[in-house]
Structure formats: structure tokens, C-alpha cells
Amino acid sequence: MIQTYIFFGNNHNIQMFPLLKRLTKFEKKVMAEITLKGNPVNTSGNLPEIGTDAPDFSLVKSDLANLRLSDLKGKKIVLSISPSFDTSICATSVRKFNQLAAGKANVIVLAITKDLPFAHNRFCTTEGITNVVTLSGFRNRDFGKAYGVDIIDGSFEGLYARCLVVINEAGKV
């Protein structure tokens, strides 16, 4: 069991008291372990199970307007979630999805990072990305938790883990 202490006093007279024992009971939290450059890191949870309803979210587009997943009901949706467009693998992934999404009826690709919408706009303009909608999670802390993709330790702590989630027309993963 982990002991939690309250410290008060000065350097010469520090008293330690265990915080109420009932506050030291912890629930087991399910996390996914991934690797970053061969080193293990943890995420805030697991991806939604196949066959479950995709959790709704509201994220920010490059024009600063919000987009809700529920606004896209009836479409096939690919969530391409990644740490940043400023990493080579993430940028390559978006470029490839831009090619693959061209001319696909009823399919939308959402590239989601924690990068600011201004960076998304700059990236899309520079790379000629026109078939992918970029979304930023900088305003919404719930998305990463709902999808289990918040990296909670390591050098990428605070960013999203790289993954793909495919959602059918009925809103199921």
C-alpha cells in the first residue's frame, strides 16, 4: 500500500501524518503498454473494443471550428491518431491517407493530434493535404481518455499514442 503524507512546518521541524487510510485505497487501472524507440510507455487505457459504439467527441479543425464525431454519422470513418505531424512517421501516414482517401465515396479520414490547429493548417498547405480532415485535441482532454490514447509517461507524455480506429456507418468500432 502507498502511504500519502501531508508535510507542514519548516526544514527544521517537519511533521508527517499519513493521510486518511481510506484515501489510500486504489482501484486497478487498465492501461496499454506501448513502446517508444524500444522503451515501454503507458497509455491512459485501451482502445474501444471492436463492436462497441465509438465514443463521441468534439475536436478542433484547422479553421478553429469544432467537429463532433456524431456529425459524421452514416459515414465510414478512419481515425488516424498520432502524437504530432512533426514526426516523420505521422506525417508520412497522413500523406498516405490523403492519397488513399481521394475519390472514396462515404469515407472520411480524421487525422488527430495534439498539435495546434495553426500547425495543422501549415502542414496541410505545405504537403497539399486535401482529402484528410485534421483535428486537434488541444481543447478536449476527454478524447484521449475515452479512446485510451493519452501517453501518461515517458518523453511523449501528454501526447496521443499512434493508432488507427475504424468506425462503420452505424458508429461502431
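## Strands E7 and E8

Leu-79 has Leu-110 of E8 as its bridge partner. This is a predicted model. Strand E7 covers residues 76-81 and strand E8 covers residues 107-113. The two run parallel and are joined by six bridges.

## The sheet

E7 and E8 belong to an open sheet of six strands. The order is E6-E5-E9-E8-E7-E10, with mixed pairing. Strand E6 (66-68) and strand E10 (163-167) stand at the edges. Each has a single partner strand, so one side of each lacks a neighbour in the sheet. On average, neighbouring strands are turned by 35° against each other, direction ignored.

Ser-58 lies in strand E5. Is Ser-58 buried or exposed? Its relative accessibility is 19%, and the cut-off for buried is under 20%, so Ser-58 counts as buried. Beyond its neighbours within four places in sequence, Ser-58 is in contact with Asn-66, Leu-67, Arg-68 and Asn-140.

## Helix H2 on the sheet

Helix H2 (residues 117-127) packs on the sheet. H2 touches strand E5 (58-61), E8 and strand E9 (132-136). The direction of H2 makes about 155° with that of E9.

Which residues of H2 are buried? They are Pro-117, Ala-119, His-120, Phe-123 and Cys-124. These residues sit on the same side of H2, because they cover an arc of only 155° around the axis. An α-helix has 3.6 residues a turn, so residues three or four places apart point the same way. The cover over the buried residues of H2 includes E5, helix H1 (88-101), E8 and E9. The face turned away from the buried side carries exposed residues: Phe-118, Arg-122, Thr-125 and Thr-126. Just after H2, Gly-128 takes a positive phi of about 70°.

## Nonpolar cores

In soluble globular proteins, nonpolar side chains tend to be buried together. Here the largest nonpolar core has 21 residues. Those with the most contacts inside this core are Phe-57, Leu-79, Ile-81, Leu-110, Ile-112, Phe-143 and Tyr-147. E7, E8, helix H3 (142-147) and E10 each supply at least two residues of the core.

A second, separate core has 12 residues, among them Val-78, Ala-91, Val-94 and Ala-111.

## Contacts of Leu-79

What does Leu-79 touch, not counting residues up to four places away in sequence? Its contacts are Phe-57, Leu-110, Ile-112, Tyr-147, Cys-163, Leu-164, Val-165 and Ile-167. Leu-110 is also the bridge partner of Leu-79.

Note on methods: Residues numbered from 1 in each chain as written. Predicted model: local features only at pLDDT ≥ 70, side-chain atom pairs only at ≥ 80, totals over all residues. Heavy atoms only, no water. Pairing = 2+ DSSP bridges. Helix = DSSP H or I, 4+ residues; strand = E, 2+ residues; numbered from the N terminus. Axes fitted to C-alpha atoms, helices over the stretch in contact; angles between N-to-C directions. Contact = heavy atoms within 4.5 Å. Buried < 20%, exposed > 50% of the residue type's maximum accessible area, 1.4 Å probe, protein only. Arc of directions from axis to C-beta. Core = buried A, V, L, I, M, F, W, Y, C linked by side-chain atoms within 4.5 Å.
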